[in-house]
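Me: I'm new to reading protein structures and would like to work through one with you. Could you take my questions one at a time and show me how you reach each answer?

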Amino acid sequence: MDMITNHPPTAELQALDAAHHMHPFTAGAELAAKGVLVIKSAKGVTLTDSEGHQLMDAMAGLWCVNIGYGRDELADVAARQMRELPYYNTFFQTTHVPAIALAIKLAELVPGDLNQVFFAGSGSEANDTNIRLVRHYWAAKGKPDKKIIISRKNAYHGSTVAAASLGGMDAMHAQGGLPIPDIHHIDQPNWYAEGGDLSPEEFGLERARQLEAAINELGEDKVAAFIGEPIQGAGGVIIPPETYWPEIQRICDAHEILLIADEVICGFGRTGNWFGSQTFGIRPDIMTIAKGLSSGYAPIGGSMVSDEVAGVIANAGDFNHGYTYSGHPVAAAVALENLRILQEERLIETVQQDTGPYLAQKWKQLADHPMVAEANSVGMVGSLALSPDKSARAPFAAPAGTVGLICRDRCFANNLVMRHVGDRMIISPPLILTKPDIDTLVGRAYQAIDETYKTVQADGLFKAG
Ligand SMILES: *Cc1c(COP(=O)(O)O)cnc(C)c1O
């Protein structure tokens, strides 16, 4: 029998993993010493590890398993498509039915006139596409100097050289000589950490107006586009003040620049609408999609493009860009089936009208804990800020992430997968989470936070920096 169906015991798997497998966003030596967690199977919202422990996955994998684990329909569709046509490309004037069917469905679901899709294998690849697309667009319109893309500090747009350059993560820029030229970062709309004495509304306007100041400073004739996540995900689930996106939209309308909404997390129901752009009133020219597009069952991403932009590109000769797996037939068929389930089972309506408001109400109660300064959510995504001095929104004296990591470990010990970004705890559970599941999630989160609180006090870490 092969190793997958008949695997060795956990300790041996951990040793083999350490010997041969380099992990993303991980300190390899540290992980090797500790031993990696081996996930074996999953169903619904529950993961089972190689020792038989069951954990509630409040992160939906990496923000992606929107319909939950274990849906046979997707497995069946994948098997059928592999037998019919496992692979063909979409280069050089060829196509196949799954790519066409998915493109039609996306044009129907995505708001506005974003009726064309350029397929990629991931969100990072799609954002790479976007950089080339917007620059090629302006060049085709006789404005080759419009190249600069304005993004935000602490944004996450993926991990390829170009996508990580668009992103505003210092720790990523520090490795490998990033960012690439002609990417400009403005400040993020993170009121909790950076809002000072301003009200959230005032702060949202102030941060949005940095876009206008940047356009004026760099020159409108040099700026191609602005890119932003409706809610910053990997940056810590930063829900912007209500004033932020309308002002960004006004500025984009008033200036000749394209607006790119990176919907890789917010898309496909995460915020209680099909897209975060609908939740926040954004009218993008280009939208990045991935993750929830296939609920993570197959790797696929893409760029949704407006009729105007797609029309210009179509008449500008060959677009010299593409991926071997652009519109991969198995991934496209799986994504289409995922969208059918999201739509026919009304999962997004349920989040919007029922489970999202219930989560918001329960999650908010966590802010009653003496170490939780803020607890917010939209739809099925939320965050809370741990603080030793709630009223001052003060950070801990210990390096950022020290307390967050303790809390993450207490979550695991309480059979809950929650992630930490610095000292923020974040959730992005499958959209199928029921009200009893929400009670379980919030109960375990409270328990983990309280155990963290006691540890932090005992270790002398409960002090502001
Ligand atoms: C995850 C993510 C990406 C990158 O997607 P990959 O599929 O990991 O390449 C891009 N943008 C946002 C907002 C993301 O959360």
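Me: Which residues does serine 326 touch, not counting residues up to four places away in sequence?
Reply: This is a predicted model, so let's read contacts from its atoms. Serine 326 sits in the loop between H13 and H14. Its relative accessible area is 4%, and buried means under 20%, so serine 326 is buried. Leaving out residues up to four places away in sequence, serine 326 touches Thr90, Phe118, Phe119 and Ala120.

Me: Is leucine 109 buried or exposed?
Reply: Leucine 109 belongs to helix H5, which covers residues 97-109. Not counting residues up to four places away in sequence, leucine 109 touches Trp274, Phe275, Leu339 and Gln343. The relative accessible area of leucine 109 is 10%, and the cut-off is under 20%, so the word for leucine 109 is buried.

Me: What distance separates the C-alpha atoms of leucine 109 and isoleucine 239?
Reply: Along the chain, leucine 109 and isoleucine 239 are 130 residues apart.

Me: How are H6 and H13 oriented to each other?
Reply: Two packed helices are described by the angle between their axes and the distance between the axes. Helix H6 (residues 123-140) and helix H13 (residues 307-314) have axes 9 Å apart, and they pack at an angle of about 70°. H6 passes H13 in a left-handed crossing. Angles of 65 to 115 degrees count as roughly perpendicular, so H6 and H13 are roughly perpendicular.

Me: How do the residues of the contact of H6 with H13 divide into nonpolar, polar and charged?
Reply: On the H6 side we find Leu133, His136, Tyr137 and Ala140. They meet Glu308, Val309, Val312 and Ile313 in H13. Sorted by kind, the residues of this contact are 6 nonpolar, 1 polar and 1 charged.

Me: How many residues apart in sequence are the parts that glutamate 194 and arginine 207 tie together?
Reply: Side chains of opposite charge can pair when their charged atoms come close. The side chains of glutamate 194 and arginine 207 form a salt bridge, at 2.5 Å from N to O. Glutamate 194 is in helix H9 (residues 191-194) and arginine 207 is in helix H10 (residues 200-218), so the pair ties together parts whose separation in sequence is 13 residues.

Me: In that pair, which residue counts as buried?
Reply: Glutamate 194 has a relative accessible area of 34%, so glutamate 194 is partly exposed. Arginine 207 has a relative accessibility of 8%, and buried means under 20%. The residue that counts as buried is therefore arginine 207.

Me: Which residues are linked with Glu212 and Arg250 in a network of salt bridges?
Reply: Glutamate 212 and arginine 250 meet through their side chains in a salt bridge, with 2.9 Å from N to O. Glutamate 212 is in helix H10 and arginine 250 is in helix H11 (residues 244-254), 38 residues apart, and the pair links distant parts of the chain. Glutamate 212 counts as buried at 19% relative accessibility, whereas arginine 250 is partly exposed at 36%. The network that includes them also has Arg209 and Glu247.

Me: Which elements do the buried residues of H11 pack against?
Reply: In H11, the buried residues are Tyr244, Trp245, Glu247, Ile248, Gln249, Ile251 and Cys252. They pack against strand S5 (148-152), H10, strand S7 (223-228), strand S8 (258-262) and helix H12 (276-280).

Me: About how many helical turns separate arginine 340 and glutamate 337?
Reply: Arginine 340 and glutamate 337 form a salt bridge, and their closest N and O atoms are 2.9 Å apart. Both lie in helix H14 (residues 329-344). They are 3 residues apart there, so the separation is about one helical turn.

Me: What is the relative accessible area of serine 295?
Reply: Serine 295 lies in the loop between strand S9 (286-289) and strand S10 (301-305). Its phi is near 50°, a positive value in a residue other than glycine. Serine 295 is buried, and its relative accessible area is 1%.

Technical notes
Residues are numbered from 1 along each chain as its sequence is written. This is a predicted model: local features need pLDDT of at least 70, side-chain atom pairs count only at pLDDT 80 or more; totals for chains, interfaces and linings use all residues. Side-chain values use heavy atoms; hydrogens and water are left out. Axes are lines fitted to C-alpha atoms, for helices over the stretch in contact, and angles run from 0 to 180 degrees between N-to-C directions. Helices (H or I, at least four residues) and strands (E, at least two) are DSSP runs, numbered from the N terminus. Angles under 35 degrees count as roughly parallel, over 145 as roughly antiparallel, 65 to 115 as roughly perpendicular and the rest as oblique. A crossing is left-handed if the near helix is turned anticlockwise from the far one by less than a right angle, and right-handed if clockwise. Contact means heavy atoms within 4.5 Å. Ala, Val, Leu, Ile, Met, Phe, Trp, Tyr, Cys and Pro count as nonpolar, Asp, Glu, Lys and Arg as charged, and the others, Gly among them, as polar. A salt bridge is a side-chain nitrogen of Lys or Arg within 4 Å of a carboxyl oxygen of Asp or Glu. Buried means under 20% relative accessible area, exposed over 50%, partly exposed in between (1.4 Å probe, protein chains only).
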